[in-house]
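Hi everyone, thanks for making time for this.

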Amino acid sequence: MPQTEAPRIEAAPRTRLRWWTELPLILLVYACYSAGRLLARGDVSRAVDHGLAILRVEKLLHLNAEHPLNRLFTREAWLGVPADFWYASLHYLVTPAILVWLFRARTAHYRAARTWLMTSTFIGLIGFTLLPTCPPRLLTAGHGFVDTMAQYSSYGWWGGQASAPRGLGGMTNQYAAMPSLHVGWALWCGVMLWRYGGTRTAKATGVAYPLLTALVVMGTANHYFLDAVAGVAVMGGGLLLAPFVMRRADRIGAALADRVPAVTGLSRGAGSPVVSGGCQTSAGERIPRQRKARFGPGAEPGASPADAGDGAPGWGLPSSSEAESLGKAR
């Protein structure tokens with residue numbers, strides 16, 4: 001018996017990521033991040049209470065990294081000024097740079113890394129909303145903190161309201177201190193550099209960057225130690241939820257794709273090795289019969305009998321019934 005070849009079943013390739021779809025998505029998430037910080041300003045007295053509560057917990061746990069670091073950065077300008085620039089800029093420069101690098105050089109890992117970062121950012125926005133927290137620099141002077149960014153404001157573009165440019169302090173939420181996404185995003189960058197950097201320098205940078213960022217946010221009195229711990233916890237939660245978010249996104253994408261009608265070309269069947277575009281069948285037929293063409297049913301002039309297909313009479317030769325009738329006539 002002739003054996004028929006089983007059709008090959010190939011998995012549909014995953015949609016290739018394009019920069020013109022990724023960039024609007026990232027900008028949308030950043031816009032949500034900025035808007036969430038503004039909308040979740042909370043009550044000032046409530047934010048101060050949360051900040052003092054964090055100090056009490058740290059005192060109970062014998063944690064006091066903020067005061068010595070803040071005194072050091074306040075006393076030594078050669079440390080305080082670079083720390084202020086670090087806090088005001090690297091948060092917004094290094095993270096996008098790592099995303100672009102992953103997109104271009106580590107494409108296979110980009111989607112999972114991007115989903116982890118975005119999921120963690122949304123968790124952080126929930127923290128800003130539910131727990132508005134006064135940073136150390138905004139507490140009264142009796143608590144022993146100095147706002148280094150206000151002290152060294154003449155060196156940079158910021159004023160006395162966090163890292164916002166002068167005159168734009170009203171466009172930022174100064175009570176979005178818990179968790180510290182400065183530390184959380186720096187940790188994400190460090191993990192990416194450690195895992196995919198490929199060189200010792202990249203791995204060393206991956207370790208140093210989040211650690212130095214944690215020192216900076218405490219030394220400049222912008223965050224408590226527990227804010228930094230919460231930033232790490234948020235990234236851990238985002239890492240656990242990222243696979244679920246990716247699966248849900250895939251299901252939603254598949255459902256939307258099913259709703260879009262497939263565009264079928266008229267010439268899709270042309271050239272098929274099974275049924276040619278010039279064949280048609282009628283009811284009860286097993287073998288397609290060739291449509292009538294200019295030179296006769298199914299073949300051009302000079303075609304051999306084999307060109308007509310298996311079991312078909314050769315052109316120019318009598319069929320068996322015609323041969324029998326000719327013999328009787330003779």
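This is a predicted model: local features need pLDDT of at least 70, side-chain atom pairs count only at pLDDT 80 or more; totals for chains, interfaces and linings use all residues.

Residues are numbered from 1 along each chain as its sequence is written, and side-chain values use heavy atoms, with hydrogens and water left out.

Now the overall picture. The protein chain has 10 helices and 4 strands; helices here are DSSP runs of H or I with at least four residues, strands are runs of E with at least two, and both are numbered from the N terminus. Along the sequence the pattern reads α-α-α-α-α-α-α-α-α-β-β-β-β-α. There are 330 residues in the chain, and 35% of them count as buried. Taking contact as heavy atoms within 4.5 Å, 77% of the contacts between residues at least 6 apart in sequence join residues at least 24 apart.

On to the inside. A nonpolar core is a set of buried Ala, Val, Leu, Ile, Met, Phe, Trp, Tyr and Cys residues joined through side-chain atoms within 4.5 Å. Which residues of the largest nonpolar core touch the most other members? They are Ile98, Leu102, Trp116, Trp188 and Met192, out of 22 residues. Helices H4 (77–105), H5 (107–130), H7 (181–196) and H9 (225–259) each give two or more residues to this core, and H7 supplies the largest share, with 8 residues. Look at isoleucine 98: leaving aside neighbours within four places in sequence, Ile98 is in contact with Trp188, Cys189, Met192 and Leu193. Apart from this core lies another one of 13 residues, including Ala83, Trp158, Ala214 and Val216.

Staying with helix H5, find threonine 121. Thr121 is buried, at a relative accessible area of 3%, and its side chain makes a polar contact with the side chain of tryptophan 185 at 3.1 Å. By polar contact I mean a pair of N or O atoms within 3.5 Å; within protein, one must be able to donate a hydrogen and the other to accept it, and residues adjacent in sequence count only if both atoms are side-chain atoms.

Next, charges. How many salt bridges does the structure hold? There are 3, a salt bridge being a side-chain nitrogen of Lys or Arg within 4 Å of a carboxyl oxygen of Asp or Glu.

Arginine 111 and aspartate 250 form one of them, at 2.7 Å from N to O. Arginine 111 lies in helix H5 and aspartate 250 in helix H9, so this pair ties together parts that are 139 residues apart in sequence. Arginine 111 is buried at 14%, whereas aspartate 250 is partly exposed at 39%.

Aspartate 147 pairs with arginine 137, with the closest N and O atoms 3.4 Å apart. Are these two buried or exposed? Aspartate 147 is buried, at 12% relative accessible area, and arginine 137 is buried as well, at 7%.

Finally, glutamate 76 meets arginine 75 at 3.8 Å, N to O. Here glutamate 76 is partly exposed at 26%, and arginine 75 is exposed at 57%.

Notes: Buried means under 20% relative accessible area, exposed over 50%, partly exposed in between (1.4 Å probe, protein chains only).
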